[in-house]
Amino acid sequence: MEGKLDWLGAGLPTEGTNSERPRAGDVARKDVPTCFLNERLGDVRGWVRAGGWNACVAVNEERVVLGLLRAKELDADPDLRIEEAMRPGPSTFRPFVAIEEMAQLMIDHDVESSPITTSDGRLVGLLTVQDAARVALELREAGDSSGQKEEQT
Amino acid sequence: MRRQIQEEEEEAPRVVRPREIHRDEVRRLLQDGAQLVEVLPAKEYEEDHLPGAINLPLRRLETDARQILDPARPVIVYCWDSA
């Protein structure tokens, strides 16, 4: 078999202490809108924003990530094709990265959102810095409160 | 002489050589009852391992495999990556 790294990279479930803590693939939004390269930006922008989103991931038929459109790209000339408007080849992360690590990384590098993909490049979901930071903070507070309970007993 | 060699080869146990497989085949074989073995150190196994895998660190593989593994079932062995 290719190894544990390949299994983790595919977002497949594991057992063990790491699997009990949230990871990038667990927190990423699976319902992120996706679009194809040849679609018209104006059409895509319409239904993306109607769905309450301000981001869209450009993929191919196999759901391999090709580009990313955030607010700035979505606001471009509506007659552009997605291929022309998108941010090509965005940085992506694997599903098994710990959420605390992701939150820190996204804050440090001012990353608003990032596609989470398998090692094959297929989209798992979109992770926002807000979601990553929120879950990381919840984990820290849960860790702090359990530590206080141990001190009291 | 040739007949003796042929008889010895027929009596010798059949040795199945290992081969590399993809994760899709891993899942299929596990459904069919294959045994899954992680050969990384115990600490790494405790952090993350494939569902149902047992831990047989490499240095113990030769000594413990015969006692722990069922020779009648396929065995899938994995490490961190394919390197």
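**View 1. The contact between chain A and chain B.** In this predicted model, 16 residues of chain A are in contact with 16 residues of chain B, where two residues are in contact if their C-beta atoms, placed from the backbone, lie within 7 Å. Sorted by class, the side of chain A that touches chain B is made of six nonpolar, six polar and four charged residues; here Ala, Val, Leu, Ile, Met, Phe, Trp, Tyr, Cys and Pro count as nonpolar, Asp, Glu, Lys and Arg as charged, and the others, Gly among them, as polar. Residues are numbered from 1 along each chain as its sequence is written, while chains are lettered from A and ligands numbered from 1 in the order in which they are written. Because the model is predicted, local features need pLDDT of at least 70 and side-chain atom pairs count only at pLDDT 80 or more, whereas totals for chains, interfaces and linings use all residues.

**View 2. Chain A as a whole.** The C-alpha trace of chain A spans about 65 × 40 × 25 Å along its principal axes. Of the 153 residues of chain A, 34% count as buried, a residue being buried if 20 or more other C-beta atoms lie within 10 Å of its own, exposed if 12 or fewer, and partly exposed in between, with C-beta atoms placed from the backbone. Among the contacts in chain A between residues at least 6 apart in sequence, 61% join residues at least 24 apart.

**View 3. The four-stranded sheet of chain A.** An open sheet of four strands in chain A has the order 1-2-3-4, with mixed pairing; two strands pair if DSSP finds at least two bridges between them. Its edge strands, each pairing on one side only, are strand 1 (34–35) and strand 4 (87–88) of chain A. Strand 2 (residues 56–59) and strand 3 (residues 65–69) of chain A run antiparallel and are joined by four bridges, and Val59(A) stands opposite Val65(A) in strand 3 of chain A.

**View 4. Helix 3 of chain A and its two sides.** In helix 3 of chain A, the buried residues are Leu41(A), Val44(A), Arg45(A) and Val48(A). They lie on the same side of helix 3 of chain A because they cover an arc of only 100 degrees around the axis, the arc being that of the directions from the helix axis to the C-beta atoms. These buried residues of helix 3 pack against strand 1, strand 2, helix 4 (71–74) and helix 5 of chain A, whereas Asp43(A), Trp47(A) and Ala50(A), on the other side of helix 3 of chain A, are exposed. Just after helix 3 of chain A, Gly52(A) takes a positive phi of about 85 degrees.

**View 5. The surroundings of Ile82(A).** Ile82(A) lies in helix 5 (residues 82–85) of chain A, and Ile82(A) counts as buried because it has 21 C-beta neighbours inside 10 Å. Apart from neighbours within four places in sequence, Ile82(A) is in contact with Cys35(A), Phe36(A), Leu37(A), Glu39(A), Leu41(A), Val44(A) and Ala58(A).

**View 6. The nonpolar cores.** A nonpolar core is a set of buried Ala, Val, Leu, Ile, Met, Phe, Trp, Tyr and Cys residues joined through C-beta atoms within 7 Å. Of the 32 residues in the largest such core, those that touch the most other members are Ala24(A), Val57(A), Ala58(A), Ile99(A), Met102(A), Leu127(A) and Ala132(A). Among the elements that give two or more residues to this core are helix 2 (24–27), helix 6 (99–108), strand 6 (123–128) and helix 7 (129–152) of chain A. A second, separate core of eight residues includes Trp7(A), Leu8(A), Val37(B) and Ala53(B).

**View 7. Paired strands in chain B.** Strand 1 (residues 35–38) and strand 3 (residues 75–78) of chain B run parallel and are joined by four bridges, with Glu38(B) opposite Tyr78(B) in strand 3 of chain B. Strand 1 of chain B also pairs in the parallel sense with strand 2 (residues 54–55) of chain B, over two bridges, and Val37(B) stands opposite Ile54(B) in strand 2 of chain B.
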